[in-house]
Amino acid sequence: MKRDLWDESHRPWPLPDIPWTMRQTWSNLLFAHYPIQYEELRKVVPKALDLNTYDGMCWIGVVPFQMSGVRLRGLPPLPGTSAFPELNIRTYVTVDGKPGVYFFSLDAANHLAVIGARTLYRLPYWFADMKIRDRGNMIEFNSRRRSNRDIRFACTYQPASKPFRPDSGSFEEWIVERYCFYTLNASGVPFRCDILHEPWTLQQAEVDFMHNTMLSEQGIVLESEEPILHFAKQIEVRAWPLVDPVTNQIRI
């Protein structure tokens, strides 16, 4: 039976006692995860965020996907802003005992969405020329940032196994079962955005990379150029306002 989207029993801590603000659907996701030494990652992640490790390594995720159904609570989807490709570069951190995601960058093909996410969630969004095509079992993804044409990403990817739910304690669970992201204000103070979705269903993935300068152009030095690959078909998400990680009070 499909888990009700409002069921939060699988989350590791309760949601803030305030209404959610945004709803969206993520489809045809590729998770390409690269190992990176703790010392290298520490150079590029704010000190207010504690770095997470798995098997003695930190990990960087490159995640292209299709965003759709984007709308604010109580409002219909705005024409031209509710569906677009997105690409994020992420790692894994903890604040006050709550594990989450930290984004180095998020590229999107919608200018209004970029402005809105920068304003509402203080996220490092960038406008990019992007295309995503679903060729049946194969997904084609291409991105080139408008402000720096050297920041490129292009690949084809497809699922390569039957769907599965990650086992408890597995690497797969560690990378996807995270129910918040962290961002910082101009003074370096962290905010938390809680999210809610079903537990992830993943598949192994096969990828053919044509271009990927998303990491090198941001000064990220990897331990290995060989990523661990996963695919996810679709998941629905709700997001809450930014809050103080300790008090759960809304941050402006």
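Of the 252 residues of the protein chain, 52% count as buried, where buried means under 20% relative accessible area, exposed means over 50%, and partly exposed lies in between (1.4 Å probe, protein chains only). The model is predicted: local features need pLDDT of at least 70, side-chain atom pairs count only at pLDDT 80 or more, and totals for chains, interfaces and linings use all residues. Residues are numbered from 1 along each chain as its sequence is written, and side-chain values use heavy atoms, with hydrogens and water left out.

The protein chain contains three helices and 12 strands; helices (H or I, at least four residues) and strands (E, at least two) are DSSP runs, numbered from the N terminus. Its radius of gyration is 17 Å, close to the 18 Å that the globule rule gives for 252 residues, so the protein chain is as compact as a globular protein of that length. The radius is taken over C-alpha atoms, and the rule is 2.2 Å times the number of residues to the power 0.38. Along the principal axes, the C-alpha atoms fill a box of roughly 45 × 45 × 40 Å. Among contacts (heavy atoms within 4.5 Å) with a separation of 6 or more, 70% come from residues 24 or more positions apart. The accessible surface of the protein chain is about 11800 Å², and 51% of this belongs to carbon and sulfur atoms. Accessible areas come from the Shrake-Rupley method with a 1.4 Å probe; for residues, only the protein chains shown count as cover.

Strand β1 (residues 22–36) runs antiparallel to β3 and is joined to it by 10 bridges; two strands pair if DSSP finds at least two bridges between them. In this pairing, Trp 26 stands opposite Met 67 in β3. Seven bridges join β3 to strand β4 (residues 84–95), again in the antiparallel sense, and Val 63 stands opposite Asn 88 in β4.

The structure holds 14 aromatic pairs. Rings of Phe, Tyr and Trp (its six-membered ring) pair if their centres lie within 6.5 Å; planes under 30 degrees apart count as stacked, over 60 as edge-to-face and the rest as tilted. The rings of Trp 26 and Phe 65 have centres 5.8 Å apart and planes at 55°, so this pair is tilted. It links distant parts of the chain, with Trp 26 in strand β1 and Phe 65 in strand β3, 39 residues apart. Trp 26 is buried at a relative accessible area of 15%, and Phe 65 is buried at 3%. Ring pairs also link Tyr 54, Trp 59, Tyr 92, Phe 171 and Trp 174 into a cluster.

Charged groups sit over two tryptophan rings, Trp 13 and Trp 20. The charged end of Lys 98 lies 5.9 Å from the ring centre of Trp 13, and Arg 238 lies over the face of Trp 20 at 5.0 Å from the ring centre. The criterion is that NZ of Lys or CZ of Arg is within 6 Å of the ring centre and within 35 degrees of the ring normal.

In strand β10 (residues 190–196), seven of seven residues are buried. In a regular strand the side chains alternate between the two faces of the sheet. Both faces of β10 are covered, with Pro 190, Arg 192, Asp 194 and Leu 196 on one side and Phe 191, Cys 193 and Ile 195 on the other. Five bridges join β10 to the antiparallel strand β9 (residues 180–184), where Cys 180 stands opposite Asp 194. The hairpin of β9 and β10 has five residues between the strands, and Gly 188 takes a positive phi near 85° there. Strand β10 also pairs with β12 (residues 228–243) in the antiparallel sense over four bridges, with Ile 195 opposite Ala 239.
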